[in-house]
Amino acid sequence: MTGQPFPVEAGHIMMFARAIGDETPAHRGETVLAPPTFTMASAQYDPDHRLRPRQGEEWFGSGSGPGVMPEGGGGLHAEQHFEYHRPVRAGETLYATTVPGRSWEKQGRTGRLLFSERVTEYRDAAGEPVVSARTVAVVPEGPATPKDAR
Amino acid sequence: MSLSADGIKVGETRESVLVEDLKRTRIVQYAGASGDYNPLHTDERFAIEVAGYPGVFAHGMLTMAMTGRVLTDWVGTEALLTFGVRFKAQVWPGDTLTATATVESVEDTPAGPVAHFSVRTVNQNGAEVVTGIAAARLEP
């Protein structure tokens with residue numbers, strides 16, 4: 001199979017289920033089903049994942065200083081869509097392939113908003129589709145503006 | 001676990017409190033499990049001084065994942081066919097979130113009956129943080 005391998009492990013599902021407050025027995029034990037958004041955690045296996053500190057590389061978060069906004073930073077997650085072809089089970093390996101989708105722009109309150117899609121197909125070892133995921137990100141154009149108050 | 005077409009009615013709703021007084025450590029817990037260590041969510045100093053927010057806020061995907069529980073507790077993980085959301089507003093530490101799922105329609109398809117849901121998660125002020133739709137297979 002081509003694509004980024006994502007070994008689906010029972011312990012990883014347990015940790016993910018705990019983090020989302022899902023204590024149902026379906027996500028514990030050896031023969032567990034992954035929660036519906038679990039494929040996002042395939043980022044753990046992406047060697048180039050930008051949102052994880054990596055040994056020997058500069059991390060953009062705070063240390064002795066406050067950190068720096070990375071190139072293309074300031075983006076937010078606008079939408080997320082999943083299509084399930086079958087449940088994801090512990091013990092299998094999925095293979096993730098990501099391609100860019102559509103991009104468009106909208107006029108926001110403080111300037112143009114640039115939207116872009118990424119479509120990731122998760123297939124099993126036989127090449128059958130398991131989960132199709134579509135991410136929509138939004139980046140405001142131009143300089144940073146004061147954010148919404150809490 | 002799977003729901004039968006007789007066991008579900010259009011207009012029926014389920015409501016679930018997803019989290020009360022969201023803690024920063026819960027956000028860190030999600031960062032560790034998901035692999036999304038974006039300092040916007042895990043690093044108060046970065047979020048304030050560099051990104052210009054009042055502080056860290058939850059990953060949209062944490063809110064979506066918690067919202068999914070109102071569906072999976074109802075129809076079962078294995079019955080879910082689609083789940084999609086829009087992120088409407090940030091979720092902050094201290095927030096209490098409540099999700100509601102509503103059966104909008106039940107469709108007969110060649111593969112059997114399918115229920116279509118709307119989902120909506122609001123914070124303690126009643127502001128929408130996530131809205132979306134989902135579909136689930138039903139037992140005939």
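Colleague: Okay, chain B to begin with. How do strand 3 and strand 4 of chain B pair, and over how many bridges?
Modeller: Strand 3 (residues 97-109) and strand 4 (residues 112-122) of chain B run antiparallel and share 11 bridges. Strands pair when DSSP finds at least two bridges between them, and strands are DSSP runs of E with at least two residues, numbered from the N terminus.

Colleague: Which residue is the bridge partner of Val103(B) in strand 4 of chain B?
Modeller: That would be Phe117(B).

Colleague: Before I go on, what should I know about the model and the numbering?
Modeller: This is a predicted model, with local features needing pLDDT of at least 70 and side-chain atom pairs counting only at pLDDT 80 or more, while totals for chains, interfaces and linings use all residues. Residues are numbered from 1 along each chain as its sequence is written, chains are lettered from A and ligands numbered from 1 in the order written, and side-chain values use heavy atoms, leaving out hydrogens and water.

Colleague: Thanks! What is the strand order in the open sheet?
Modeller: The open sheet has 10 strands with antiparallel pairing, in the order 1(A)-3(A)-4(A)-5(A)-2(A)-2(B)-5(B)-4(B)-3(B)-1(B). Its edge strands are strand 1 (4-7) of chain A and strand 1 (13-19) of chain B, each pairing on one side only.

Colleague: How many bridges link strand 2 of chain A to strand 2 of chain B?
Modeller: Five, and the two strands are antiparallel. Phe82(A) has Phe83(B) as its bridge partner there, and Glu79(A) stands opposite Arg86(B).

Colleague: What do the side chains of Glu79(A) and Arg86(B) form?
Modeller: A salt bridge, at 3.6 Å from N to O; the cut-off is a Lys or Arg side-chain nitrogen within 4 Å of an Asp or Glu carboxyl oxygen. The count between chain B and chain A is one salt bridge.

Colleague: And what about strand 2 and strand 5 of chain A, how many bridges there?
Modeller: Eight bridges join strand 2 to strand 5 (residues 129-140) of chain A, again antiparallel. Glu83(A) has Ser132(A) as its bridge partner in strand 5.

Colleague: Switching to the interface: how much area is buried between chain B and chain A?
Modeller: About 3700 Å², with carbon and sulfur atoms giving 60%. Buried area is the accessible area (1.4 Å probe) that two parts lose on being put together, summed over both.

Colleague: How many residues are in contact across the two chains?
Modeller: 46 residues of chain B are in contact with 47 residues of chain A, where contact means heavy atoms within 4.5 Å.

How values were computed. Helices (H or I, at least four residues) and strands (E, at least two) are DSSP runs, numbered from the N terminus.
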